[in-house]
Amino acid sequence: MVGAGDIGVEVIRNLGLMGIGQVEVFDWDRYVAEALRHRYAVHEGDFWDRLTLDRLRTFDFAVGTIDDPAARTRLNQKCLVANVNLLQVWTEDDVAMVGAYPFGSLDDCACYECAADRDAVAMPIASLKLTVDGSPSMTPAGVQVTTSSIAGALAAALLARIAAGSHGRVARRASIDATTGAGRSIELHRDAGCVRCAGLVRPVAIVHTRNCWAVSPAVARACPETLDEYVQLSDEVEGLPGRSFKVRELADRYRGGAIPAKFALATVGGRAVCLDFEDLVEATPRTDARAPARSRPAK
Ligand SMILES: [Zn+2]
């Protein structure tokens, strides 16, 4: 669970009702998640740092309940590469929104940044407001609580469907208007022009490697074409526009040093490979043992 605000707490509560109690919580603010600490493992700080690819791969699901759309795209980015099922849950005014992306079981799954997903945002044509003479209409805060509650229940329901394998093997955006009760559920298909997943052949092989960019003269002589290969960085780097760079550019710029990025995507023999710069020391002995474990279907 990334984000422990109103929606995150509602998702956890609904998962608990379904008997799912093994949840770890990541939140930027230590006080937000304080009430969950007695039952769940709570991790403070930026999930981008704390929830490494290796750690993410040990989970069956990641659930993002984050307000910030930029943070949602970062969670999408990590789950795509780590091959972990993702649910994004949020509210827009009175509408509870849940995007379900079963990356773990669907190699050509649409992602959170695919255009089809953006088009699927529910836009209620009219909002029905009920007021009864003599009684106050629902306050905005009341509507917000209700919407968060509905979002949490909807997310838990979709998670259970994916886990049971009854999801129809498709990404889906579901929404419920907390005021009118109107609901929509839309299948999402992969966008060939997606900035994040177009051309990405999943599942991605993850290779732990040192974040050290230097080209030895021997390599430059023996296989100079390697230097013209492109790698896509996980992070935007100050002073470098874009995210795709030739190995040669990076080696010239960093000269044996580290790139300020969590990981980089490269293509080797037509296959996507993630060069993971995190967890090298911890992960090296376990790499082989872990690979088959992720290929089993979610229970
Ligand atoms: Zn996409």
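## Report on a predicted single-chain model

Of the contacts (heavy atoms within 4.5 Å) between residues at least 6 apart in the sequence of this chain, 64% join residues at least 24 apart. The model is predicted, so local features need pLDDT of at least 70 and side-chain atom pairs count only at pLDDT 80 or more, while totals for chains, interfaces and linings use all residues. Residues are numbered from 1 along each chain as its sequence is written, and side-chain values use heavy atoms, with hydrogens and water left out.

The chain holds 10 helices and 12 strands; these are DSSP runs numbered from the N terminus, with helices (H or I) of at least four residues and strands (E) of at least two. Buried residues, those under 20% relative accessible area with a 1.4 Å probe and protein chains only, make up 46% of the 299 residues.

### Nonpolar cores

A nonpolar core is a set of buried Ala, Val, Leu, Ile, Met, Phe, Trp, Tyr and Cys residues joined through side-chain atoms within 4.5 Å. The largest one has 40 residues, and the members that touch the most others are Phe-47, Val-81, Tyr-101, Phe-103 and Cys-274.

The largest share of the core, six residues, comes from α4. Leaving aside residues up to four places away in sequence, Cys-274 touches Leu-53, Val-81, Val-204, Ala-205, Ile-206, Val-207, Phe-263, Ala-264 and Leu-265. Another core, of 28 residues, lies apart from the largest one and includes Leu-36, Phe-61, Leu-87 and Ala-151.

### Helices α1 and α6

The axes of α1 (residues 6-17) and α6 (residues 140-163) come within 8 Å and cross at roughly 45°. Axes here are lines fitted to C-alpha atoms, for helices over the stretch in contact, and angles run from 0 to 180 degrees between N-to-C directions. On the α1 side, the contact residues include Asp-6, Ile-7 and Glu-10, and on the α6 side they include Ser-148, Ala-151 and Leu-159.

### Thr-179

Thr-179 lies in the loop between β6 (171-177) and β7 (183-188). Its C-alpha is 9.9 Å from that of Asp-93, although the two residues are 86 apart in sequence.

Conventions
Buried < 20%, exposed > 50% of the residue type's maximum accessible area, 1.4 Å probe, protein only.
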